[in-house]
Amino acid sequence: MTYLGLITALLLILCGFICFRWPRLLSFYSTMSPAELKNVDLKAAGRISLITMSVTGVVSALVYYAALHFGREALALSLNVITIFLGVVVLAVLLKRCDGNPRKTRSILYLSVALLAVLALCLTLFSWSRPSRISLADGTLEIGGSYGMTLKASDIRRVELRDSLPDIEMRTNGIGMGNIQKGHFLLKDIGVCRLYVDMDNPPFICLWLESGEVIFLNHQNPAETAALYDALLRL
């Protein structure tokens, strides 16, 4: 993930230069008729696109690497996407000022759908970046969120507490958001298993199920992980 912020910034700046050189490529103007384009200040639109996209790219990189500096990889990705989303909103508002044509309901609808799609993506990334919700009550272990599951005490054959995880060889069907790992993975010396872990906050509870499946999980707070381990042992 180290170069993601830089790559995103460079792509946004490149798109800004492309729109500056060929402003008709902007989605706002690509479907307009020649008569409608006469009422658009394309030079101003190109300048606005270049400045807005460049600033968005620089800001997105700054917030991304600032979060990485504090070890918050999942937050870094979320902030990167949110910054781009805000840049798109600002660009859309500014470009409308270059358009002298009567406002069309269709263009407003398209813009609204696009903004909602980006917002949905931001919310999804934020949800993925959150640790799994783990609770134990009445002999039932419930793991919420993405790839969640519910286990009864009778499903668990053995419980271990480990200070580290085996090396992750592959993510087969899961989410890897920096330190947050959820879903199905392939681990060295373990094989196929499920992870619901925050890699930055050991220890990790290892559950060996009667079905043969292996699960690793933990809380962000090590003390809570230790308390959960003791509660599982009592079961």
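Guide: Helix H1, spanning residues 4–21, is the element that gives the most to the nonpolar patch, contributing six residues. Helices (H or I, at least four residues) and strands (E, at least two) are DSSP runs numbered from the N terminus. The model is predicted, so that local features need pLDDT of at least 70 and side-chain atom pairs count only at pLDDT 80 or more, while totals for chains, interfaces and linings use all residues. Residues are numbered from 1 along each chain as its sequence is written, and side-chain values use heavy atoms, leaving out hydrogens and water.

The patch lies on the surface and is formed by Tyr 3, Leu 6, Ile 7, Leu 10, Leu 11, Leu 14, Ile 18, Trp 22, Leu 25 and Tyr 65, with about 1,000 Å² of accessible area together. Patch residues have over 30% relative accessible area and no salt bridge, and nonpolar side chains (Val, Leu, Ile, Met, Phe, Trp, Tyr) are joined within 5 Å. A salt bridge is a side-chain nitrogen of Lys or Arg within 4 Å of a carboxyl oxygen of Asp or Glu. Areas follow the Shrake-Rupley method with a 1.4 Å probe.

One member, Trp 22, is found in the loop between H1 and helix H2 (27–30). Trp 22 has a relative accessible area of 47% and is therefore partly exposed, a class between buried (under 20%) and exposed (over 50%).

As for the whole, the protein has seven helices and nine strands. Buried residues make up 40% of its 235 residues. Its accessible surface comes to about 13,300 Å², and 62% of this belongs to carbon and sulfur atoms.

E1 is joined to strand E2 (residues 140–143) by four bridges, and Leu 136 stands opposite Leu 141 in E2.

The other open sheet has six strands in the order E4-E8-E9-E7-E6-E5, and its pairing is mixed. Within it, strand E7 (residues 191–198) pairs with strand E9 (residues 214–217) in the parallel sense over three bridges, and Tyr 196 stands opposite Leu 217 in E9.

Technical notes
Pairing = 2+ DSSP bridges. Patch = residues over 30% accessible without salt bridge, like charges linked within 9 Å, V, L, I, M, F, W, Y side chains within 5 Å. Buried < 20%, exposed > 50% of the residue type's maximum accessible area, 1.4 Å probe, protein only.
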